[in-house]
Amino acid sequence: MLKQPETLVPTSKIQRSTDVLLTELDGEIVVMHLSSGKIIGMADTGRRVWDALEAPISLNDLTDQLVMEYSVDKETCFSETHSFVASLLAANFVVPTGPEG
Amino acid sequence: MICSEAIGLYRFGSMTVSANFSFTHATPIDPVAGAYPDVSIELTRKDETPKSPFYHDDHIIAGDQDFYFRVSDALAFRIRNGAHISIYCSGSAGESDIMLYLVGSAWGVLCHQRGLLPFHCSAIGVGNNSIALTGASGAGKSTLAAGLMCRGYSHICDDVGVLRPKANTVCLHPLEKGLKLWADAANTLNLPRGRRAGTDPAFDKYFVDTNSRLAQSELPLKEIFVLHESQSREFSVSVIRGTAKFDALLSNIYRSEWLPLLRKPGDVFQDIQRLLPSLRIFRFTRPRDLGLLDDSISFLETHLDSYAETA
């Protein structure tokens, strides 16, 4: 049975996968997903998002944190963060952790 | 190619090798009492494949530390535990093809099984260090390295150099495969063509002589140039950093398409992590026109000379 792609619900908690290795290189972090062998690099805001995903957090709470730190309106921030985190979820770099927060 | 009852001992790729045929790419050595070879190579008419494979397609059968690839109906290779290579040859396979794949893909698999990193590159010596030229097949690695050799730089390796990630100093260990150039490249560089490198009519490559210009010792690897083709007549060298630097090393590992069948991703990640701090990696973009080869070499040489002054 094919695994259905996870849908990113704004109130559901997500967290970094433990099936990764990472290293820092020239101000970027390079992350490899061990089961798939896929690699992603993150700098600046992407890296900040990755740092925030160390503990379970919902997309809404993550957006609230970023709005406080960066000069960006909430709607734009939510849209861009949703897009980025959804791509991480699709590639299994982040995983859902449980019920809504 | 003839099997022999006698086992010959050779030196190849910094390893001691035993073979039951004349291993023409390798250096014959005298046996040492009580010493066992690092690798044994057997030419055989028995076509035996891995017993418990986890992967199987028309050309490859892969098990744990047991990798088999088929070149044709007449030729196949099985590599086990980084120590044994069996060459199945029905008799109709030519010696040049057997050697081509033995010192190429088969030895590459052997290196992967031993936890080494074979790197797809040609390399030259610059002062007390080495620099490697890498990129896609056909990018011009061999031609540029040969051109630099003609200008007095020592030649280290063609097509593959082996990295040992756990070593204290990162050196590129050559495989003694010889230097192969396309016919038109050899002509452009005025290098006499030796014997043909394979029997495939489409593979119009020839061995050229490097003996008098070989590097005399293994030199630390300091810089890697990833070759790209310019769409204009512009030349440029730019530093590669961050994730792109990581990917430049990963994607140019020899036989990287087979890596998932040979090594755990985490082990490869950690190997690259160990290697990268001592390396600078550049993108070298230039026109592919053989008529501009001299200009390409001169452009790269100015960078090498400025590096040698500061190294």
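Me: How many salt bridges are there over all chains?
Reply: This is a predicted model, in which local features need pLDDT of at least 70, side-chain atom pairs count only at pLDDT 80 or more, and totals for chains, interfaces and linings use all residues. Residues are numbered from 1 along each chain as its sequence is written, chains are lettered from A and ligands numbered from 1 in the order in which they are written, and side-chain values use heavy atoms, with hydrogens and water left out. A salt bridge is a side-chain nitrogen of Lys or Arg within 4 Å of a carboxyl oxygen of Asp or Glu. By this rule, the count over all chains is 13 salt bridges.

Me: Which residue does Arg47(A) meet in a salt bridge?
Reply: Arg47(A) lies in helix 1 (residues 44-52) of chain A and its partner in strand 2 (residues 20-25) of chain A, so the pair ties together parts that are 23 residues apart in sequence. Helices (H or I, at least four residues) and strands (E, at least two) are DSSP runs, numbered from the N terminus. At 2.9 Å, N to O, the partner is Glu24(A).

Me: What area is buried between chain B and chain A?
Reply: Contact, meaning heavy atoms within 4.5 Å, takes 12 residues from chain B and 15 residues from chain A. Buried area is the accessible area (1.4 Å probe) that two parts lose on being put together, summed over both. Carbon and sulfur atoms give 74% of a total of about 1,100 Å².

Me: Which three residues supply 47% of the area that chain B buries against chain A?
Reply: The count of salt bridges between chain B and chain A is 0. Supplying more of the chain B area than any other three residues are Thr243(B), Pro265(B) and Phe269(B).

Me: At what angle do the axes of helix 4 of chain B and helix 6 of chain B cross?
Reply: Axes are lines fitted to C-alpha atoms, for helices over the stretch in contact, and angles run from 0 to 180 degrees between N-to-C directions. The axes of helix 4 of chain B and helix 6 of chain B come within 10 Å and cross at roughly 115°.

Me: Which residues of helix 4 of chain B make the contact with helix 6 of chain B?
Reply: Helix 6 of chain B contributes Val268(B), Phe269(B), Ile272(B) and Leu275(B). From helix 4 of chain B come Phe246(B), Leu249(B) and Leu250(B).
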